[in-house]
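Reader: Could you walk me through this one, with a few questions as we go?

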Amino acid sequence: MSLFTKYLEGHKEVIKSIDDSERSQFQKGIGKFFVALKVIFDLVFTIVLLLVALNWLVG
């Protein structure tokens, strides 16, 4: 679980750096949106990969 925690902490740091930047609110929002979207895609990919591996082992 430590690897997953470090992964999320890294993305939290990226979002914090976006907040601390000198960009407009719109650009900050777009940056946060893309970071959140990447986390969601990574998690979905991981879950699908685990389900396929589990199906291969059981079936």
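Predicted model: local features only at pLDDT ≥ 70, side-chain atom pairs only at ≥ 80, totals over all residues.

Reader: How many salt bridges does a search of the whole structure find?

Author: A salt bridge here is a side-chain nitrogen of Lys or Arg within 4 Å of a carboxyl oxygen of Asp or Glu. With that rule, the search of the whole structure turns up three.

Reader: Which residue forms a salt bridge with Lys-32?

Author: Helices are DSSP runs (H or I, at least four residues), numbered from the N terminus. Lys-32 sits in helix H2 and its partner in helix H1, 13 residues apart, so the pair links distant parts of the chain. The closest N and O atoms are 2.6 Å apart, and the partner is Asp-19.

Reader: What separates Lys-38 and Asp-42 along helix H2?

Author: Their side chains meet in a salt bridge at 2.6 Å, N to O. They are four residues apart in helix H2, so the separation is about one helical turn.

Reader: What is the radius of gyration of the chain?

Author: This radius is taken over C-alpha atoms, and the globule rule is 2.2 Å times the number of residues to the power 0.38. A compact globule of 59 residues would come out near 10 Å, but the chain has 16 Å.

Technical notes: Residues numbered from 1 in each chain as written. Heavy atoms only, no water. Helix = DSSP H or I, 4+ residues; strand = E, 2+ residues; numbered from the N terminus.
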